[in-house]
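Here is a short briefing to read alongside the structure. Take it one topic at a time and find each part in the viewer as you go.

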Amino acid sequence: MMTEQQWGRALEILEECGLGWWTKATGNSAEFRQYLCSLMEAFAQEYTARCGEAMTSFSVFELYPRRQNQVRAFLQAVASSSSPTMLVMVWRILQGMNIKSVDMRYRMEESFSLDVTLSSPYTGGSDETYQSGDIDSAALVRHLGIMKTNGKPIFDGFYPLHLRRS
Amino acid sequence: MIGGMDIRIKSRAESEDALREAFLLISRIWPHAVVEDADTGKVLSVLFPIEAFAGLTGIMVYRDAAARESWGRIGADPSNSNTMIHVIANEDSVTLVLDDPDDADMRKVVQGMETFLANDIFHILAERQVA
């Protein structure tokens, strides 16, 4: 869990990232703190398990001074999705993984699934797969960079919305 | 001598994002591309996670190490045509300086950057409020 000092800094960063509405909506309650800290902890554990690098619930916030745009994009994802798995996917894209495939299936009032495969930008790396059955994960797709080369489609990068500070 | 042509594309993307994307795009076309900081001439080591473009305003991307060496030795000689792209990122634009925009590879780069920088996400200012 975050210390009091870390939590205070986390709230400042959320505000700077255009997410002040979120803390206001929850009244910055103890429940909100518990929710966010637990989600960040679960994300850190999943990241460590998948990628083998140590991470804590505060690691992303610590990166903010030198990786502002990436942290802004990531925290906006945190506000949209409660899936630690999909948050690891977001972080991996922000680190530079290629988006090899995206498969989204939706049936009204029946089912939703989002399957994403990432590949390393370098030779030799293995593919990583991420799956979600929560329709909240659909919000993550709108952060993907979209481009065409030679008329062919590419999703690349994960970018923050330009949210005003509230 | 060959002459560089400036392709200026309006941009609201962060400079770091634009340069990173330009490099990734070019390196798909030139798998052995070498990139350097345009201000210092220092070769950038694009390791994972990709953080090499933070704080930069311009990069030179060469087709490969031999192209970089040749540019360093003889400069804008016709033999070096379409082997280097200079990318400059400003607050409101990205400029691609290249030799022949009609070259097939150069067209891919220009189209890729144009479509990337046109993304709504870079242009729409949003305000999220409590419901």
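Leu125(B), in strand 6 of chain B, is the bridge partner of His162(A). Strand 6 of chain A (residues 162-163) runs parallel to strand 6 of chain B, and 2 bridges join them. Strands here are DSSP runs (E) of at least two residues, helices are runs (H or I) of at least four, and both are numbered from the N terminus; two strands pair if DSSP finds at least two bridges between them.

This is a predicted model: local features need pLDDT of at least 70, side-chain atom pairs count only at pLDDT 80 or more, and totals for chains, interfaces and linings use all residues. Residues are numbered from 1 along each chain as its sequence is written, while chains are lettered from A and ligands numbered from 1 in the order in which they are written.

**Where the chains meet**
- 24 residues of chain A are in contact with 24 residues of chain B (C-beta atoms, placed from the backbone, within 7 Å).
- On the chain B side, helix 1 (15-29), helix 3 (104-117) and strand 6 (125-126) each supply at least two residues.

**The sheet of chain A**
- Three strands form an open sheet in the order 1-2-3, with antiparallel pairing.
- Strand 1 (98-107) and strand 3 (128-132) are the edge strands, each pairing on one side only.
- Strand 2 (residues 111-119) is joined to strand 3 by 5 bridges, and Thr117(A) has Thr129(A) in strand 3 as its bridge partner.
- Helix 6 of chain A packs on this sheet, touching strand 1, strand 2 and strand 3.

**The nonpolar core**
- Which residues touch the most other members of the largest nonpolar core? They are Phe74(A), Val90(A), Leu19(B), Val61(B) and Val87(B), out of 73 residues.
- A nonpolar core is a set of buried Ala, Val, Leu, Ile, Met, Phe, Trp, Tyr and Cys residues joined through C-beta atoms within 7 Å; buried means that 20 or more other C-beta atoms lie within 10 Å of a residue's own.
- Helix 6 (residues 84-95) of chain A gives the largest share of this core, 8 residues.
- Leu19(B) touches Phe53(B), Leu56(B), Ile59(B), Val87(B) and Ala89(B), leaving aside residues up to four places away in sequence.

**Chain A as a whole**
- Chain A has 7 helices and 6 strands.
- Of its 166 residues, 35% count as buried.
- The C-alpha atoms of chain A fill a box of roughly 50 × 40 × 30 Å along the principal axes.

Methods:
Buried ≥ 20, exposed ≤ 12 C-beta atoms within 10 Å, placed from the backbone. Contact = placed C-beta atoms within 7 Å. Axes fitted to C-alpha atoms, helices over the stretch in contact; angles between N-to-C directions.
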